[in-house]
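Here is my note on the model, in numbered points. Please read it with the structure open.

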Amino acid sequence: MTPPAPFGARLDDVVVRFGKQRRMSADGNTFREDATTALDGVGLTVRPGTITGILGRNGAGKSTMLSLLAAFTRPTSGTVRVGTEGAQEDPWENAWVTSNVQLVRESGDLQDDEKLSETLKYYADLRPYWDVDLAGRLLDMFEVSPRKKPAALSRGKKSAVGATIGLAARAPLTIFDEVYLGMDAPTRYAFYDEILADYAEHPRTILLSSHLVEEVERLFEDVVVLDRGRVLLAETAEEMGRRGFSLTGPASAVERLTGERRILHRQQLGATVQVTLEGAPDDGEAATARDAGVELGSLPLQDLFVRLTDPARKGTS
Ligand SMILES: Nc1ncnc2c1ncn2[C@@H]1O[C@H](COP(=O)(O)OP(=O)(O)OP(=O)(O)O)[C@@H](O)[C@H]1O
C-alpha cells in the first residue's frame, strides 16, 4: 500500500492548561496545586515533507505540543489540524489522522510484560505502512532480541525499540519525542543515520525533539524553539543559520573582528579563540578575516538556542 503524501500540521492560538491537581505533601496531607499552562497561545505551521527540530528547555511545552498532533492530548482552546495539504483535520478521535501519525515518546510506550515480537505484531496491524523487514533489521542493528520483554531491557535498548517502531511505521507524520534517552553515543548516531536514510527513500514529515542540539542539528530542515509555552522562533534551518556565525583564530585578530557584535558564545584553547556572533558578516569582514588567518564558520544552533532561551534575556532583543 502506498502511504498518503507527507502530513503537515497547523496550530492556531493553542492553549493547553492542566487543571488543579491533588498532591500529597511530605507529612501526608493532601493539597491542591495550581493549574499549569503548558502551551500559551501557540501558532505554528509544520511543513509537510520536512524534518523539523523541536527545541526548548525543560518544561517548555514540547511534549505537550507533540502529543496534541497525535491526539494524545486535547487543547484547552485553539485549533489543531493535521493531514495532507488541503485536507487537514482535527486529530482528536479521528481514525484517519491517528492511523497516519506515529508518536514515539521516550521509551516507546511499551507493554512491559509482553514479548517485543507481540508488540511488533500489534504495530504491524495498527500501522498500514509498517515495514516488517526494516523493523527486523533495526532491532538486529540495535542488538535487541524480539524474544525479550521490555521489562528486561535497559533504558537505552527500550529507546532503540521506540526508534525502531517510529521508523518502521513509515507514518506520514512521525514524531520522536526525546527518543534517544539512555542510548549511548554510537547508538544515537546510528539512529540519526537511519532517520536520514529512511527519510530519503520514504519521504514523510518528521518532528524530533531533543536536548542534544549539537548532535541533531544536521538533521533539521526547519527548527522550532519553544519557551515557556510559546513559540519563540520557527523558521528554516537555513534562515536560522543566517542569524550568526563563528570566528576561529588568534585571539587578538578574533577580538578585533568581533567589534561591537553581540557574542553568543566564546571559548579559548591556548592562543586560539572561537566566538559565536550574532548577525551575518559582510564581504569586507569576510575578506579581513581571511587576511588575518581567522576562519569563518557557520552558527552552532546550540549557541543560538542557549541565548534565545536564557531567562536573563527576557525583554531584550
Ligand atoms: N499531565 C500533566 N499534568 C500537569 N502538568 C503537566 C502535564 N503534562 C505536562 N505538564 C506541565 O506542562 C509544562 C510543559 O510540559 P512538557 O512536558 O510539555 O514540557 P517539555 O518541553 O516536553 O519538557 P522536558 O524537556 O522536560 O521533557 C510543564 O510545566 C509540565 O510540568
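1. How many of the residues of strand E11 (residues 222-227) are buried? The answer is 6 of 6, so the strand is mostly covered by the cut-off used here: a residue is buried if 20 or more other C-beta atoms lie within 10 Å of its own, exposed if 12 or fewer, and partly exposed in between, with C-beta atoms placed from the backbone. Strands (E, at least two residues) and helices (H or I, at least four) are DSSP runs, numbered from the N terminus.

2. A word on the basis. This is a predicted model: local features need pLDDT of at least 70, side-chain atom pairs count only at pLDDT 80 or more, and totals for chains, interfaces and linings use all residues. Residues are numbered from 1 along each chain as its sequence is written.

3. Both faces of E11 are covered. Asp222, Val224 and Leu226 are buried on one side. Val223, Val225 and Asp227 are buried on the other. In a regular strand the side chains alternate between the two faces of the sheet.

4. E11 has strand partners; two strands pair if DSSP finds at least two bridges between them. Strand E5 (residues 51-56) runs parallel to E11, joined by 5 bridges. Threonine 52 has aspartate 222 in E11 as its bridge partner. Strand E12 (residues 230-236) runs antiparallel to E11, with 6 bridges. Valine 224 stands opposite alanine 234 in E12. E11 and E12 form a hairpin with 2 residues between them. In that turn, arginine 228 has a positive phi of about 45°.

5. Next, the open sheet. Its 4 strands follow the order E4-E1-E6-E7, with antiparallel pairing. E4 and strand E7 (87-89) are the edge strands, each with a single partner, so one side of each has no neighbour in the sheet. The twist averages 25° from one strand to the next. Strand E1 (residues 8-18) and strand E6 (residues 77-84) are antiparallel and share 6 bridges. Aspartate 12 is paired with threonine 79 in E6.

6. H1 lies across E1, E4 and E6.

7. What surrounds the ligand? The shell holds Phe18, Thr36, Ala38, Gly56, Asn58, Gly59, Ala60, Gly61, Lys62, Ser63 and Thr64 (C-beta atom, placed from the backbone, within 6 Å of the ligand). Strand E4 (36-46) and helix H1 (62-69) are the elements that give two or more residues. H1 gives the largest share, 3 residues. By class, the shell has 3 nonpolar, 7 polar and 1 charged. Here Ala, Val, Leu, Ile, Met, Phe, Trp, Tyr, Cys and Pro count as nonpolar, Asp, Glu, Lys and Arg as charged, and the others, Gly among them, as polar.

8. Helix H5 (residues 155-168) packs on helix H6 (residues 185-201) at about 0°, with axes 11 Å apart. That makes H5 roughly parallel to H6 (angles under 35 degrees). Gly156, Ala160, Ala163 and Leu167 in H5 meet Thr187, Phe191, Glu194, Ile195 and Asp198 in H6 (contact: C-beta atoms, placed from the backbone, within 7 Å). This contact has 5 nonpolar, 2 polar and 2 charged residues.

9. Last, threonine 30, in strand E3 (residues 30-33). Buried or exposed? Threonine 30 counts as exposed, because it has 8 C-beta neighbours inside 10 Å. Leaving aside neighbours within four places in sequence, threonine 30 is in contact with Arg22, Arg23 and Met24.

Methods. Axes fitted to C-alpha atoms, helices over the stretch in contact; angles between N-to-C directions. Parallel < 35°, antiparallel > 145°, perpendicular 65-115°, else oblique. Contact = placed C-beta atoms within 7 Å.
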